[in-house]
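Here are my notes on the model, point by point. Please keep the structure open while reading.

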There are 4 protein chains.
Amino acid sequence: MVRQPEIAKLGHVALVTTDLDRSLWFWESVVGLEVVERADDTIYLRACGERDHHTLTLRAGPASVVDHIAWRTKRPEDVELFAQQLKSHGESVHAVERDRERGQGKAIRFVPPSGHVFEIYYDIEKPPAPIDKRSRLLNSHYRLNAPGVGARRIDHVNLHAPQAAESVRWFEEVLGFKNREYIVDDADAIMASWMSVTPLVHDMAVRSAPDAQPGDFNHVAYWVDNWQDVLRAADIMMENSIDMLGPGRHGITQGMFLYVLDPGSQHKLEVFSGSYLILDPDWEPIKWRPQDLDLGIIWWGPKQPGFARDHHTPSARLSESLTAGTAATR
Amino acid sequence: MVRQPEIAKLGHVALVTTDLDRSLWFWESVVGLEVVERADDTIYLRACGERDHHTLTLRAGPASVVDHIAWRTKRPEDVELFAQQLKSHGESVHAVERDRERGQGKAIRFVPPSGHVFEIYYDIEKPPAPIDKRSRLLNSHYRLNAPGVGARRIDHVNLHAPQAAESVRWFEEVLGFKNREYIVDDADAIMASWMSVTPLVHDMAVRSAPDAQPGDFNHVAYWVDNWQDVLRAADIMMENSIDMLGPGRHGITQGMFLYVLDPGSQHKLEVFSGSYLILDPDWEPIKWRPQDLDLGIIWWGPKQPGFARDHHTPSARLSESLTAGTAATR
Amino acid sequence: MVRQPEIAKLGHVALVTTDLDRSLWFWESVVGLEVVERADDTIYLRACGERDHHTLTLRAGPASVVDHIAWRTKRPEDVELFAQQLKSHGESVHAVERDRERGQGKAIRFVPPSGHVFEIYYDIEKPPAPIDKRSRLLNSHYRLNAPGVGARRIDHVNLHAPQAAESVRWFEEVLGFKNREYIVDDADAIMASWMSVTPLVHDMAVRSAPDAQPGDFNHVAYWVDNWQDVLRAADIMMENSIDMLGPGRHGITQGMFLYVLDPGSQHKLEVFSGSYLILDPDWEPIKWRPQDLDLGIIWWGPKQPGFARDHHTPSARLSESLTAGTAATR
Amino acid sequence: MVRQPEIAKLGHVALVTTDLDRSLWFWESVVGLEVVERADDTIYLRACGERDHHTLTLRAGPASVVDHIAWRTKRPEDVELFAQQLKSHGESVHAVERDRERGQGKAIRFVPPSGHVFEIYYDIEKPPAPIDKRSRLLNSHYRLNAPGVGARRIDHVNLHAPQAAESVRWFEEVLGFKNREYIVDDADAIMASWMSVTPLVHDMAVRSAPDAQPGDFNHVAYWVDNWQDVLRAADIMMENSIDMLGPGRHGITQGMFLYVLDPGSQHKLEVFSGSYLILDPDWEPIKWRPQDLDLGIIWWGPKQPGFARDHHTPSARLSESLTAGTAATR
């Protein structure tokens, strides 16, 4: 009997930006991520509450794309088990060598039906914070209260898909995600789903977007601890002339949000807090019908969608993702 | 040498509502004001942090109007001094007898150029909170954390005026208000002003509104202590299906806001926090030009004006205000 | 190959109180829990963010004791699997019939080495909130902003044990808890552990207390969403003359705390927020040595332990727990 | 008829420190004040919400003393009027030349019965913030969210006095302060008073301290906007190993507090928020008797006084204050 492999959590998002300097300024000085390492053409960052080597990477490129979205497994052997499982589903699976991404072990990459480049890995280094930035608290790597927004940890990604229903089913069956809350259309077909492998309401949201191209990426979210921290983030974004929408509170997920655009890449970030945890083992997915969406999308806050709903950035093609940053391409 | 009379603070706002039961439910159970007394056809309310007998009154009427806006003077003799000063400016001044409004001493009413009915008084009773609602803190009448939003104190009023510039000048010259922040048009004419007699940025805002009728009333504001309290108010308003706009933060005043409509009367309330105090004796009024307003009106929050900007309720005519609630009219 | 049974989460805590009226007033009106049902001599309560039938029960008794601490499993069959596993460890396991506790399916009770009465169950009803208290949000049973403190969900329990090290090992081996943070003495022996089956830092803390008797219970914790909510809780507790210690912030768990005593029973409640989530699959337990405890126990806040550290209430004996509230004893 | 001179607000506190580098690091990097100017041996600082040239000055000296505490008048002529009034009360008044303190006009210094060196002035420059630190908001000099604690403005000073009752009477009669809240002993004699010339509950507190020497200084307070900002300040202080007591909430003033020691000078700072405004012209001072103090001093928070109550630093002698920093002494 073969144990099912399991995803433990969202690992990192690898971004390509047309303006690396400006993107780095944004993620480091405004959002408050810490630079862990610069190697080859990539900058590795993590939030002040994180131990893994990186949860965001930045690399300069001719177009601002999402190179890949990476997930950490629960056990070392799950990487290989996922590879087998994906192949048995007819997917094409590509190996990524140890240390191809700094601090990281062997990984696999593949393209789910949503068209994004996904990566799965287990091994990741946990370098300590530099002495001058280290917290006095043994359970915090970096000092509490990072500069800028002071994001604490990566929270989730939000993806567009040409056919959300199909992607949702695939993520459930092949990767083990659970549908926590979802939107249906008048014909009761799934139009969007908030899915998780953790007690978070969502590690990943998937949504049918008008004219979505495979791989369209809506946003990555970082967590702050309190509602007020989202308001403070809004002040900081405004002082730095960052395009933003919010703050507000979603009905779906009950999360507080602030959407902002990385001015170097136009990739979108959600500063996120609140929400709730799902610890119930028999959670019934919450169904939102068209007539419920007025409360569901925006419980309070900006009612016009602005760039929050439709703005997106594309994904790299798998072939690009697999070769970029390697010796051959440098 | 005659000393100038001075206004100490915004005293109260007297509202007439077409649905008294619903308005009372809103102000008492949702906003969290305390009913101090019911007498004749009027309900007297105050916030949990207030000692004066009332800062809001509700009375049923055939139309939802603002009966009057009342200001407390610094000294008892200021009421008479203001009466003289108003007459010397050619204004018509009307006496209101002691206890015509419960708990209140002699007052005067008059109509400034903005067309609202203003009242000026000094004497006001300070009844203690009932035993079962009394705070253990000697400096707080009511228990901290009133039900609902738990507003702490009245903060300011916002008035429309056919010609803001004229009204602003009049409020400066005759009533001693100071211009703290203001908006000009391209010809440098004052279009709006945030004015105060206290260190608050505004006890009263006056604004030229398109097609404003004399006496048009934009809103009354109550204060809460923290930014988060405004967010909590938003949740409470949503659960109670109250029409609202916000939360957000103004540039002008730096105040956090949530605009809501009393469902019984359509009078508008702003739940307000943040902002700053002006203790400088030589404060230079802050001028906002048309090109500054994008940041000035809404620093962050809902960018569409919704009902926040234009929705208003009318004022009673002075003659109605002077006779309403008296024996003759009951 | 037999799958390991797994605990999904802390289910409920069953309290016996010598003053039921006063305890009910405290948990319902001050803490803000909702009464779901009264049946026989027991009152069933849950927090406004919860769907399970109850997370706290109150019953009158001759002494204030903890009747039992209950855990929900991940799958229905885990109850029986745990029973077998416990028996194979030489533990005495007692069946509790369906609906012996209202809304609940079949359960087992047993006494771990710490001396507390533990219960394990899976089936639990999820009654909807009554219409007049129901949230407009589909993913929230009750309206947001319950009265009083407005606790959102049960969070954890804190237990004393004569020998914490032994209990910690047993909870790891037999029940599958993971050690997340722990305190050692100068000889490197475990003196306390914060343990969880969820990504919470702790669902349960176990601590060697001086002169601890088997079954000594330190506190149950309920969660609020923001740091400020803990401060608001402090105001509410003070106005209601509740004995309390805090607010403050622990180093261990990074959680914000306020400790209060149920005035009817002297059982202790922690109002809890902040802390962090452990999503890493390879979390290394954080070791706190004696010299680290000055920061670890109280990062900031009241430095004297007061009743937070030593105050405790006893557990019922298993035989009492098994017969109380049954027909025979009514 | 001579108009009474009036104090508008607390102007600044001039501190002497035995470790200027460490004090500067504390006030600039930890508290978040901005350095406006360095001239001669003095560093001039202000908070991000302030326009006056300075509200705190630092100067190196052989002992950590408070050089003087300065108050701004309402009108230019009030400085001379106060000089006359002080002389008529038999006080010795000393002139301080324009620009002796940078950016400041003519001032007077004198020693009230409490033994502190007081300064009174009106003229003060209002230099704009440097371009790279300037807020996009026209009504804020510096960007919102200064580094570190991000204090917004100076709030009050707290002074010891050998005989508080005498000092309180003198501050009322000669300087026009109003007694807002006060403590009496069993014989109804004033032991402490919270006094203000503004609607703040206190611009200055005066307290009889055991064995107080004339001029003993308890603390200077800076304001932050929200309760949560005080908690955030606590994290920042702890990460920087600053001695502190709190956070907590006073009953008297209802203010949230965090007391910390400047590690360079041992001068004490209170990070302060909450409290309430007194806009009532007929405010009755709140009397706290010995039996009320358990709630009055600490409503919640650390019950042990620690360094908050008794720690103090001395004042410079007037002769030192008048000559220090002048050419003769450089």
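1. Helix α4 (residues 227–239) of chain C lies across β14, β15 (255–261) and β16 (268–274) of chain C. Its angle to β15(C) is about 15 degrees. Contact means heavy atoms within 4.5 Å. Helices (H or I, at least four residues) and strands (E, at least two) are DSSP runs, numbered from the N terminus. Axes are lines fitted to C-alpha atoms, for helices over the stretch in contact; angles run from 0 to 180 degrees between N-to-C directions.

2. This is a predicted model: local features need pLDDT of at least 70, side-chain atom pairs count only at pLDDT 80 or more, and totals for chains, interfaces and linings use all residues. Residues are numbered from 1 along each chain as its sequence is written, chains are lettered from A and ligands numbered from 1 in the order written, and side-chain values use heavy atoms, without hydrogens or water.

3. The open sheet in chain C has nine strands, ordered β14-β15-β16-β13-β9-β12-β11-β10-β17, with mixed pairing. Strands pair if DSSP finds at least two bridges between them. At the edges are β14 (244–249) and β17 (286–288) of chain C. The twist averages 20 degrees from one strand to the next.

4. Strands β10 (residues 178–184) and β11 (residues 190–196) of chain C run antiparallel, joined by six bridges. E181(C) has W194(C) as its bridge partner.

5. Helix α3 (residues 164–175) of chain C lies across β9 (153–161), β10, β11 and β12 (204–208) of chain C. It runs at about 25 degrees to β11(C).
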